[in-house]
Amino acid sequence: MTASTQSFTGFGLGLRRPHYAEFMAGEVAVDFVEIISENYMVDGGRPLATLDAVRAHYPVAMHGVSLGIGRADGLDRDYLMRLRALADRIEPLFVSDHLCWTGIDAHSSHDLLPMPYTREALDLVCGNIGQAQDALGRAMLFENPSSYLAFPEDEMAEHEFLAEMARRTGCFLLLDVNNVFVNAHNHGFDAGEYLAGLPIDRVRQMHLAGHTPGEILIDTHDRAVCDGVWALYARAVARFGHATTMIERDDAIPPLSDLLAELDTARRVAADVERRAA
């Protein structure tokens with residue numbers, strides 16, 4: 001599968017329940033909306049009716065949390081069929097998920113578990129991505145995960161794993177800037193070197209989010225983007241250009257006006273970088 005995703009740039013927000021009414025009315029000043037795919041992989045009812053109403057006003061990106069592209073026991077074919085049905089229904093900008101595994105033997109961890117960055121794991125992930133992209137009939141985006149441990153068996157850095165994964169499968173990357181910031185702190189690597197190691201032409205989307213500070217940073221999505229992540233976002237825009245950007249908030253969800261103010265900050269940061277580069 002080598003199909004490309006469509007070219008799109010803009011600034012968006014995640015579709016969350018407290019803000020359904022505003023998005024359904026088409027009153028929100030965003031370029032696109034990102035959904036959690038699994039919330040709408042159903043046969044009908046209110047979830048799909050809500051999504052159809054939002055889709056009438058905005059392009060939609062699908063972002064999943066349960067594909068488990070790193071599973072050693074194979075992907076769930078029923079899951080892939082339901083994901084394909086949703087994609088065919090709403091014609092999304094992108095279909096994305098995470099570089100992680102989420103369970104084994106029909107047991108789900110309900111968490112995004114880290115991968116060992118070995119050649120064996122790379123082969124497994126590339127095989128699974130090929131299966132997923134063939135099932136969906138489109139190239140996918142995969143997000144760099146946040147993590148709190150590293151494996152002694154690692155044979156390459158995370159950015160090297162992602163770059164080779166994209167080269168071998170034709171997939172694209174969803175660069176979560178907050179996750180790079182969190183992992184650089186937790187694992188002690190240079191975030192600039194990480195960005196420099198990713199292929200420029202494969203990054204299609206960026207995520208921005210807040211995290212809980214401490215000795216170990218925790219990727220909680222429950223607060224505003226911090227100054228350090230904004231600074232790293234500016235470096236990412238300078239390298240990858242004005243990729244599609246969205247603000248993630250999954251807990252302690254504030255009024256929509258607060259998120260739109262953060263999105264305006266993202267617009268200003270990107271515009272400042274592009275103005276200096278012109």
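Visitor: Which residue of strand E2 stands opposite Gly 14?

Guide: Start with the rules. Strands are DSSP runs of at least two residues (E), helices are runs of at least four (H or I), and both are numbered from the N terminus. Two strands pair if DSSP finds at least two bridges between them. Here, Gly 14 stands opposite Glu 34 in E2. Strand E1 (residues 11-14) and E2 run parallel, joined by three bridges.

Visitor: What am I looking at, and how are residues counted?

Guide: This is a predicted model, with residues numbered from 1 along each chain as its sequence is written. Local features need pLDDT of at least 70, side-chain atom pairs count only at pLDDT 80 or more, totals for chains, interfaces and linings use all residues, and side-chain values use heavy atoms, leaving out hydrogens and water.

Visitor: How many bridges join E2 to strand E3?

Guide: Four bridges join E2 to E3 (residues 60-63), and these strands also run parallel. Ile 35 has Met 62 in E3 as its bridge partner.

Visitor: Which residues lie on each side of E2?

Guide: In a regular strand, side chains alternate between the two faces of the sheet. In E2, Phe 32, Glu 34 and Ile 36 are on one side, with Val 33 and Ile 35 on the other. Both faces are covered, and these residues are all buried. Buried means under 20% relative accessible area, exposed means over 50%, and partly exposed is in between (1.4 Å probe, protein chains only).

Visitor: Is Phe 161 buried or exposed?

Guide: Phe 161 counts as buried because its relative accessibility is 0%. Phe 161 sits in helix H5 (residues 158-169).

Visitor: How many disulfides does the structure hold?

Guide: A disulfide is a covalent bond between the sulfur atoms of two cysteines. The test is a pair of cysteine sulfur atoms within 2.5 Å. This structure holds zero disulfides.
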